[in-house]
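Me: Could you take a close look at a single part of this model and describe, with the cut-offs behind each term, how that part is built and what surrounds it?

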Amino acid sequence: MAGSLRKSSKRRAMADINVVPYIDVMLVLLVIFMVTAPMVNPGVVDLPTVGGAKVQTLPPVFLTIDANENVIVRKDGDPVQTLNKFELGAFARAQAEKSAEQPVVLAADKSIKYEVVMEVMSKLKENGVKRVGLAVKSQ
């Protein structure tokens, strides 16, 4: 019995994982990626030109949302009328009946929440205005 205990004590299972081969593989992969990364060309996007764009036949109607969330209608740069959210649907229907293809450009005060701008845009679209754009200030 004493001899069998000695044999079992010499043959213990090894609980360590040998990570040296894994480190070697990772270093080889790292070198491969470092060498090939500069050779990869990023995708080139061929953007369309605007030379063939249609000329606007109708001047756009400008809508400006002020800090109080009122919508100011401007034609030829002059304010024509001021609308609240409830009157906007009737204005959009009347605008669509005149000409559904006349563009509407929307500008908003910097302090206005994006949600309010999206509500105005969706109300215009729901009531028949087909072309809605956003005005921005160039820097």
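Reply: Leu30 is placed in helix H2, which covers residues 20–36; helices here are DSSP runs of H or I with at least four residues, strands are runs of E with at least two, and both are numbered from the N terminus. This is a predicted model, in which local features need pLDDT of at least 70 and side-chain atom pairs count only at pLDDT 80 or more, while totals for chains, interfaces and linings use all residues. Residues are numbered from 1 along each chain as its sequence is written, and side-chain values use heavy atoms, with hydrogens and water left out.

Leu30 counts as partly exposed because its relative accessibility is 45%, the class that lies between buried (under 20% relative accessible area) and exposed (over 50%), with a 1.4 Å probe and protein chains only. Together with Ile17, Val19, Tyr22, Ile23, Leu27 and Met34, Leu30 makes a nonpolar surface patch of about 750 Å². Such a patch is made of residues with over 30% relative accessible area and no salt bridge, where nonpolar side chains (Val, Leu, Ile, Met, Phe, Trp, Tyr) are joined within 5 Å and like charges within 9 Å; a salt bridge is a side-chain nitrogen of Lys or Arg within 4 Å of a carboxyl oxygen of Asp or Glu. The areas come from the Shrake-Rupley method with a 1.4 Å probe, and for residues only the protein chains shown count as cover.

Beyond this helix, the chain as a whole has four helices and five strands, arranged along the sequence as α-α-β-β-β-α-β-α-β. Of its 139 residues, 21% count as buried, and the accessible surface comes to about 11,500 Å², with 61% of that belonging to carbon and sulfur atoms.

Among the strands, E1 (residues 61–65) and E2 (residues 71–75) run antiparallel and are joined by four bridges, pairing being assigned if DSSP finds at least two bridges between two strands. The two form a hairpin with five residues between them, and Glu69 in the turn has a positive phi of about 65°. Val71 in E2 is the bridge partner of Ile65, and Val71 also stands opposite Leu83 in E3; E3 (residues 78–83) runs antiparallel to E2 and is joined to E2 by five bridges.

Thr64 lies in E1, and its side chain makes a polar contact of 3.4 Å with the side chain of Arg74, a polar contact being a pair of N or O atoms within 3.5 Å in which, within protein, one must be able to donate a hydrogen and the other to accept it, with residues adjacent in sequence counting only if both atoms are side-chain atoms.
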